[in-house]
Amino acid sequence: MSTIKACIFDLDGVIVDTAVYHYKAWKRLANELGFDFTEEDNEKLKGVSRTRSLELILQWGDVSKTDAEKEALATRKNNWYVEMISHMTPEEVLPGAREFLESCINAGIKTALGSASKNSVTILEKTAIAHFFNVVIDGNKVSKPKPDPEVFLKGAQALNVAPAVCVVFEDAIAGVQAALAGGMKVVGIGSPQVLAGAHLVLSGLDKMSLEKLNNL
Ligand code: B16
Ligand code: MG
């Protein structure tokens, strides 16, 4: 029997990949402001909150804006992003995600979402996977962004399990740090070089199993 009682999943980069939609919307905003940024720069925005992402992009373009202007720009970007994710389909769920969530549920392991996104509910509904999660903690419910552990600790609390028996699945280094800071086990999804500190790093949830969960 596993001592692990809950799995907490990041959304973007673990369950679905909406980075391309974020990139298109941010790029459109930057272009309107008269500059551009690369897909490589976009990597630095993964797992980062909307507000912080805008700050970084404005820095790259050497553009300064008032707080009110920043709020308007973030809303403008979000409207384009929401339009794009409104067309998402169940085919966009990443390989192995649905299967691993199902095996957790069948094994009596609780599941939560732990995402920085304020659009997580739309994404879960459009991709038809909302029912896999006992609890959803997202950007609407937290005040401190990753690497602060708030999002994952709230997930554990809502599931009524101790952090030490939770495993977090994360694709961003800030998320790996957040899980470790919360006293949880963490499986990195991506490259071992980037996700240093994770207890295990895999290329995707299609490589995950209950056996690997028990051996963490
Ligand atoms: P929103 P995650 C993160 O999702 C994305 O990786 C990041 O690029 C985005 O800026 C952030 O959500 C906020 O998203 O603008 O929809 O509130 O990886 O934490 O699931
Ligand atoms: Mg992510």
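The expected span of a helix is 1.5 Å times one less than its number of residues. Keep that in mind, everyone, while we look at this predicted model. Helix α1 has 14 residues, and from its first C-alpha to its last it reaches 20 Å, close to the 20 Å expected.

Let's stay with α1 for a moment. Its buried residues are A19, Y21, H22, Y23, A25, W26, L29 and A30. What do these buried residues pack against? They pack against three helices: α2 (39-43), α3 (50-60) and α4 (67-85). As a reminder for reading that list, an α-helix has 3.6 residues a turn, so residues three or four places apart point the same way. Just after α1, you will find G34 with a positive phi of about 95 degrees.

On the α3 side the residues are R50, L54, E55 and L58, and on the α4 side they are K70, L73, A74 and N78. How do the two axes sit? The axes of α3 and α4 come within 10 Å and cross at roughly 105 degrees. Angles of 65 to 115 degrees count as roughly perpendicular, and therefore α3 and α4 are roughly perpendicular to each other.

Now to the sheet. It is an open one, formed by 6 strands in the order β3-β2-β1-β4-β5-β6, with parallel pairing. At its edges are β3 (135-137) and β6 (200-202), each pairing on one side only. Neighbouring strands are turned by 20 degrees against each other on average, ignoring direction.

Which residues coordinate the magnesium ion, ligand 2? They are D10 (OD), D12 (O) and D171 (OD), at 2.0 to 2.2 Å. Along the chain, the donors follow the spacing D-x1-D-x158-D. D10 is in the loop between β1 (6-9) and α1 (19-32), while D171 is in the loop between β4 (166-170) and α8 (173-181), so this pair ties together parts that are 161 residues apart in sequence.

Are D10 and D171 buried or exposed? Buried means under 20% relative accessible area. D10 has a relative accessible area of 4%, so D10 is buried. D171 comes out at 15%, so D171 is buried too.

Definitions and conventions. Residues numbered from 1 in each chain as written. Chains lettered and ligands numbered in written order. Predicted model: local features only at pLDDT ≥ 70, side-chain atom pairs only at ≥ 80, totals over all residues. Heavy atoms only, no water. Donors = N, O, S within 2.8 Å, 3.2 Å for Na, K, Ca; no water. Helix = DSSP H or I, 4+ residues; strand = E, 2+ residues; numbered from the N terminus. Buried < 20%, exposed > 50% of the residue type's maximum accessible area, 1.4 Å probe, protein only. Contact = heavy atoms within 4.5 Å. Pairing = 2+ DSSP bridges. Axes fitted to C-alpha atoms, helices over the stretch in contact; angles between N-to-C directions. Parallel < 35°, antiparallel > 145°, perpendicular 65-115°, else oblique.
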